[in-house]
Amino acid sequence: GDGKANQYFLRGFNLDHGTDFATDIEGMPMNMRTHAHGQGYTDLNPLIPELVDHLDYVKGTYTAANGDLSTAGSASFHLYNALPANIATIEVGEHSYLRALLAGTIPLNDGVATDNTIHRGLTYAFEYDYYDGPWKQPEHAARETMLLRYFDGDADDHFSATFMGYQGSWNSTDQVPQLAITEGLINRFGSIDPTDGGNSQRYSLNLAWEHRDGNVITKANLYGLYYDLDLFSDFTYFLVDPVHGDQFNQAERCWVFGGNVSRTYEHQTIFGKEAEYTIGFQTRNDVIPTIGLYHTEARQRLGVFSQDSVFEASGGLFAEATVHWTEWLKTIAGIRGDLYYFDVHSNIAANTGDEWAGVVSPKFSAVFGPWHETEFYLNYGMGFHTNDARGVISTISATSGSVLNPATAIVKTQGAEFGIRTQAVPDLTSTLALFWLKLDSELVYDADVAENTPGPPSERYGIEWSNYWRPTKWFSLDGEVALTHARFLDTPAGQNLIPQSVPVSFSGGITLGAQKDADGFFAALRARVFGKRPLENNAFSDRASFLLNGSIGYRRKSWEAAIECLNILNRQDNDIAYYYTSRLPGEPAAGISGVQLHPTEPRAFRFRVTYKF
């Protein structure tokens, strides 16, 4: 369903809904730990794209400021203080698609400087989305999002207070048995349980401050947020309960409070060499009054599998030093230490308890060059992801009653990378990287409870080639291909493929005509390719997918109109596929093992008009 968090992929790594990829908005985390649906769940629905000024994006776990869930990389979104222009956008499309946005900035008092920039004001945004999708059971996916941001200051000293609100509701057509489609029980866009779906809310306040005093930069932010989710899913249908079915409800209410503070010292020296130091502290506290798993039928609760209250607290210290040893050698050395406390109170007495855990993570990078517009770099870092607090404490399975071994509280990870970046060819930036990644425990999808559960250790290595070429103002091209070898460790050779890992992936596009905010015609074409992916037990592999999207439009100073086409080739690929056992009415009591798929949506057109004022 379009209300759920996306699934993320990086360098062949299936990050599920966000595990091992840390995301924040100006220091306020978007990943939800100890989450009803999956550890690290990253729902970006509260984020309005037009309000993003820039994005800090890194791959790997080589930066000291990045801690939990950042093994594969991290992304930090930074919002505009004052928008370049007030905007009103309306977008309509097939399958009852509708998006409306109104956003702008109101200067306050003496907020307009002599250079016509706004240094004190209030930025606002209101967005509404609706979509039924091509599904036999309409999604009725509705999303309402808003933002209010007060800001005051200039580049050296500024303060902002940002309130964000989001609520959404939807119906879901989850993955369905391929056998049901083959036998004609449903078509590719049909569903087995039409009552699947959910609703969610997130409201947050983030206070951010930055001050420069000569060569010293101090940054700090405090945030608080409320989040809730009610998600109804049914992946096995009548395998467990042949009378009422296997639908279950994952639900939680959560309060999160935390903050970050750092101080950077520029233009320092060490051993007579130019250096820069950063030290910082981060804390986060998750108060979850209710988080549970329930047996349901048509969204009505029939029984309780588990119902818990959780308190999870963490604190992290980090330090990083950048030293310019020579004109051709720079090193970045960092270290961070993290301490966690997990406290769980469960309706199952054996699953109640608390635990402390800590980890130290060193980081190191070296950059050699540039020579002839080319530099080499070497990265190494240790990182980690935490496991769900309930898994850390639990000794009894909530669904089967069997004895469990508690999960490791903190799973250590490490990665390394060697790369070459070059701009030797005019107007072309090219990067070639060899990467390696090891996890002490891989999170593996469990269809019975729709969660990731701790699995065996894993290892990945591969090569990635990225290119960005802009020879003229009206033409740009980018492309990124990754080849990845991913295997479980300590697992027999016939069973060591990692489900959902992507051995070959490509993402790229072409942009023509007026770019950014320039007037005139513009067009774009983007492609995404996923090679065949292994499913469970090395026995089945999902087919390759190829998605091609395009747009064309015209822009003037105060308005813009564009037509977008999704899945131009109308390919019948699968967005995702799993292999597990399910049971439909009339099938054997033990069920049938097979591929369960969620199809790519068919070709669709959308039309957008934006007015700037």
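How many bridges join β35 to β36, and do they run parallel or antiparallel?

Author: Eight bridges join β35 to β36, and the two strands run antiparallel. A strand here is a DSSP run of E with at least two residues, numbered from the N terminus, and two strands pair if DSSP finds at least two bridges between them. This is a predicted model, in which local features need pLDDT of at least 70, side-chain atom pairs count only at pLDDT 80 or more, and totals for chains, interfaces and linings use all residues. Residues are numbered from 1 along each chain as its sequence is written, and side-chain values use heavy atoms, with hydrogens and water left out.

In general, strands of a sheet pair through backbone hydrogen bonds, either parallel or antiparallel.

H598 lies in β36, which covers residues 592-599. H598 counts as buried because its relative accessibility is 17%; buried means under 20% relative accessible area, exposed means over 50%, and partly exposed lies in between (1.4 Å probe, protein chains only). Contact means heavy atoms within 4.5 Å. Not counting residues up to four places away in sequence, H598 touches W135, T173, D174, Q175, N574, D575 and I576.

For comparison, consider a residue in another strand. R253 is in β17 (residues 248-270). With a relative accessible area of 38%, R253 is partly exposed. Leaving aside neighbours within four places in sequence, R253 is in contact with Y226, Y227, D228, V287, I288, P289 and T290. The C-alpha atoms of R253 and I291 are separated by 6.6 Å, though the two residues are 38 residues apart along the chain.

A further set of strands also shows antiparallel pairing. Strand β27 (residues 458-472) is joined to strand β28 (residues 475-488) by 13 bridges, and they run antiparallel. Two residues lie between β27 and β28, which form a hairpin. I463 has L483 as its bridge partner in β28, and L483 also stands opposite V504 in β29. Nine bridges join β28 to β29 (residues 504-513), again antiparallel.

Technical notes:
Helix = DSSP H or I, 4+ residues; strand = E, 2+ residues; numbered from the N terminus.
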